[in-house]
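Colleague: I'm new to this one and would like to learn how to read it. Could you walk me through it?

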Amino acid sequence: MKFRFTDEQNMIRETAAGFLQDVSGPAAVREVMATESGYDRALWRRICEELCFQAITVPEEYGGMGLGYVELAIVLEQMGRNLLCSPFFGTVCLGGNGLLVAGTEQQKARYLSEIVAGELTATMAWTGPEAAHGGGEWGAEAVTATWEKTSEGYLLNGTLRYVINGHTADLLIVAAREAGTRGKDGVSLFTVPADLAGIQRSWLPTMDQTRHLGEVVFSEVSLSADSLMGEAGKGWPSLEKILDLAKVAIAAEQLGAAQQVLDMSVQYMQERVQFGRTISSYQALKHKAADMKLKCEVAYSAVYYAACVALESLDPDGDPAIAAQLREAAAMAKGYCSDTLFFNAGCALQLHGGVGFTWEYDVHLYFKRAKASELYLGNGAAQRELIAGLLLDEEFRT
Amino acid sequence: MKLTFSPEDEAFRNQIAGWLRNNLVGEFAELKFRGGPGDEHMFPEERKRWEQKLAEGGWTCVGWPEAYGGRGLSIEQQVIFFEEYARAGAPGRMGHIGEGLAGPTIIAFGSEAQKEKYLPGIVAGTELWCQGYSEPNAGSDLANVQTRASLEDGKWRIHGQKVWTSLAHESDWCFVIARTEPGSKAHKGLGFFLVSMHQPGVTVRPIEQLTGTSEFNEVFFDGAVAEDIVGAPGEGWAVAMGLLGFERGVSTLGQQMQFQNELDEIIRLARANGAARNPGIRQRIAEAHTGLRLMRYNAMRMLSSSQDGQADSSALVYKLHWASWHRNLGALAMDVLGPEAELIDDAPYELSRLQSLFLFTRSDTIYGGTNQIQRNIIAERGLGMPKEPKGR
Ligand SMILES: Cc1cc2nc3c(=O)[nH]c(=O)nc-3n(C[C@H](O)[C@H](O)[C@H](O)COP(=O)(O)OP(=O)(O)OC[C@H]3O[C@@H](n4cnc5c(N)ncnc54)[C@H](O)[C@@H]3O)c2cc1C
């Protein structure tokens with residue numbers, strides 16, 4: 001038991017931080033965020049070929065690096081800090097995790113190798129418009145696309161929304177339900193190449209321009225039998241695990257962004273003079289910054305604790321007692337980091353005064369990312385309700 | 001970074017759990033889950049005997065080096081020790097100021113003779129300590145202490161008044177910051193003294209707290225003899241500040257385990273009286289649970305780093321985090337109880353444990369550096385912002 005980075009992990013952190021600062025500065029982010037694809041293909045190629053971040057968690061048998069979720073979180077933290085616009089999250093944290101958790105041997109061998117080679121981007125499409133019900137429930141009821149069995153395989157129908165990089169990803173991991181089922185029943189996962197006949201995709205322009213969303217419409221799309229992941233109709237537990245892993249990943253990004261807005265604020269406060277003093281000398285503002293710092297520190301523990309749990313949960317030889325904490329750890333990390341980033345980004349806006357309200361300053365990019373990532377997969381209150389359910393509604397655990 | 005324990009560590013877990021099971025019985029059975037925050041004035045005599053029982057088993061000062069009578073446990077095994085201690089419901093430690101503050105300070109800054117003189121009593125659980133820092137005009141502004149120490153016939157004698165001194169009435173020794181250089185200002189010219197509480201020049205007057213009980217005191221020194229000075233005269237500030245660093249040591253894990261017991265009790269109550277169905281309460285219980293978990297991992301980071309001789313930024317925010325968390329827990333306990341929270345156990349003013357918790361946790365954000373002082377420190381040391389202006 002050790003709760004600090006190894007030397008190797010520190011190296012990965014430094015490499016990622018240095019590289020992303022260079023390639024994903026504010027000017028680069030602003031240029032690419034306005035495009036329809038939302039990312040720079042040349043940069044994505046560099047990431048895949050030179051840094052190999054996309055290969056971190058892929059086991060060595062599929063050509064990956066076989067490292068763990070802690071290393072992944074380290075890289076994600078830096079991506080969040082620099083608001084990297086890329087297919088990384090979709091490809092690795094949705095698509096890649098989907099394959100790792102639910103893929104057949106054949107699917108893993110084929111698609112993970114292509115991801116490692118930098119030839120394939122991926123994402124997961126699982127929510128219909130119902131994801132927005134009740135202010136964002138993101139539960140099994142949000143799965144509304146349908147599948148039915150045919151003689152050759154399966155037929156998919158339905159509209160999927162809020163799909164990260166849904167309009168650009170090459171491979172879609174799709175969640176759909178057997179027509180007529182409800183809740184957790186009847187849910188299946190499929191691997192779906194995005195260029196199949198009957199698939200229509202479009203960009204859904206977003207307030208947070210640094211992460212692009214798409215809509216994917218399936219009209220009578222026929223899938224081969226080997227597209228199914230796992231057992232037909234029994235896909236919910238896998239989907240839930242993929243989402244838990246995604247929460248940990250989002251939380252890592254949020255942590256990086258929360259630290260960045262704190263650093264930006266401190267720097268500004270040290271420069272800005274009012275009443276003949278730097279504004280950093282005013283206690284009301286110092287205390288705000290201290291609260292932001294506290295939240296960053298606690299968020300850091302939340303992310304790396306959850307990453308350690310994710311590590312055990314993805315390792316076939318992992319400690320089962322720790323692996324079993326994934327739901328709770330992911331909810332704690334996502335909830336705490338969502339609240340932290342929104343608090344910090346909001347404070348940053350206030351601490352910058354009028355300039356914080358301009359398009360020119362970067363604070364708004366983080367403020368918008370804060371709200372978007374908070375709402376994605378459920379905000380802090382939603383995560384707390386999930387934790388309350390585990391604590392209060394089941395047999396009392398000590 | 002890894003969360004699993006080694007097989008040796010798990011074996012150690014069985015060892016301490018077994019010892020507690022076999023020893024927290026008989027006269028000590030009634031001490032289970034007692035003596036924690038807000039309950040520290042309860043069962044002092046029994047808890048003193050428990051300290052000695054622990055010592056017989058070799059379970060005091062478990063993180064100290066073996067050379068000083070400790071067990072030299074690794075961080076991992078200390079974590080396990082505190083986990084099992086709390087799981088068993090073993091009582092709040094009477095010796096924590098000696099074990100957690102005085103001892104480590106003497107180990108770090110004291111002479112060999114001082115180590116030989118003072119450490120064995122702490123390890124044996126026979127000598128209890130209190131902290132003589134605050135004065136009427138030196139609270140947050142600790143460097144403003146006015147208590148004097150003067151060399152008279154080759155002996156240091158202490159003149160002055162301390163206040164808010166926790167457990168002074170139960171203690172054998174007090175460590176006192178006093179001015180060795182008359183007319184010196186702020187943190188210059190101070191000394192760090194070890195003073196016996198059992199002598200004519202020491203008067204202890206309990207102060208009644210908002211709970212109606214007295215855990216802290218005024219302490220008057222009228223020429224009391226200090227048996228020792230740690231560090232050189234004039235350099236007491238460095239020693240005093242070093243000591244505050246130990247406040248964030250492994251003993252915080254023990255404290256967290258107490259917190260877990262309190263939270264578990266609140267959850268049990270909420271489930272029993274239906275508060276667990278109230279959406280607002282559910283949010284706050286989940287928040288409390290999350291906060292405590294994350295506090296644990298903050299502590300792990302802090303300790304894993306300090307073991308390797310490195311500072312971790314989590315140390316800076318640690319006090320502000322736990323104090324605010326605990327204060328909120330106290331209020332949550334009352335809100336879970338609803339109107340029942342109003343009714344005390346007995347007249348004239350016998351509070352229930354949770355009522356004491358509610359009231360006592362208001363002090364967590366005051367002692368050991370108030371929340372405001374913590375924020376000043378985080379902003380200044382952690383973020384490099386300008387220091388607060390001073391009036392003198
Ligand atoms: C239960 C309890 C046990 C204690 N036990 C001990 C003990 O064993 N030994 C011991 O030596 N002391 C002990 N103390 C004393 C404790 O350390 C002091 O109370 C504390 O340091 C605050 O000092 P003060 O009470 O003088 O308040 P003050 O310093 O007068 O503070 C009053 C208010 O002003 C704020 N404030 C002060 N300065 C600033 C500033 N620069 N910026 C912003 N806000 C500021 C404070 O945050 C506080 O809100 C104990 C206190 C309590 C409540």
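What follows is a chat that goes from whole chains down to single residues.

Modeller: Some ground rules: this is a predicted model, where local features need pLDDT of at least 70, side-chain atom pairs count only at pLDDT 80 or more, and totals for chains, interfaces and linings use all residues. Residues are numbered from 1 along each chain as its sequence is written, chains are lettered from A and ligands numbered from 1 in the order in which they are written, and side-chain values use heavy atoms, with hydrogens and water left out.

Colleague: How many helices and strands are there in chain B?

Modeller: Helices (H or I, at least four residues) and strands (E, at least two) are DSSP runs, numbered from the N terminus. Chain B has 11 helices and seven strands. With a radius of gyration of 21 Å, close to the 21 Å that the globule rule gives for 392 residues, chain B is as compact as a globular protein of that length. That radius is taken over C-alpha atoms, and the rule is 2.2 Å times the number of residues to the power 0.38.

Colleague: And what does the secondary structure of chain A come to?

Modeller: Chain A comes to 12 helices and 10 strands. Its radius of gyration is 21 Å, close to the 21 Å from the globule rule for 398 residues, so chain A too is as compact as a globular protein of its length. Along the principal axes, the C-alpha atoms of chain A fill a box of roughly 80 × 50 × 45 Å, while the C-alpha trace of chain B spans about 70 × 50 × 45 Å.

Colleague: What about contacts between residues that are apart in sequence?

Modeller: Contact means heavy atoms within 4.5 Å. In chain A, take the contacts between residues at least 6 apart in sequence: 74% of them join residues at least 24 apart. For chain B, 71% of the contacts with a separation of 6 or more come from residues 24 or more positions apart.

Colleague: Let's zoom in. Where is B:S171, and is it buried or exposed?

Modeller: B:S171 is in the loop between strand 3 (155-166) and strand 4 (173-179) of chain B. It counts as buried because its relative accessibility is 5%. Leaving aside neighbours within four places in sequence, B:S171 is in contact with B:L128, B:W129, B:C130, B:M197 and B:H198.

Colleague: What does the side chain of B:S171 reach?

Modeller: That's a polar contact: a pair of N or O atoms within 3.5 Å; within protein, one must be able to donate a hydrogen and the other to accept it, and residues adjacent in sequence count only if both atoms are side-chain atoms. The B:S171 side chain reaches the backbone oxygen of B:L167 at 2.7 Å.

Colleague: What is B:E170 in contact with?

Modeller: B:E170 is in the loop between strand 3 and strand 4 of chain B, and counts as buried at 15% relative accessibility. Neighbours within four places aside, its contacts are B:P44, B:E45, B:K48, B:M94 and B:L128.

Colleague: Which lies 2.8 Å from the side chain of A:D315?

Modeller: The backbone nitrogen of A:D317 lies 2.8 Å from a polar atom of that side chain. A:D315 lies in the loop between helix 8 (283-314) and helix 9 (320-323) of chain A, and is partly exposed at 35% relative accessibility.

Notes:
Buried means under 20% relative accessible area, exposed over 50%, partly exposed in between (1.4 Å probe, protein chains only).
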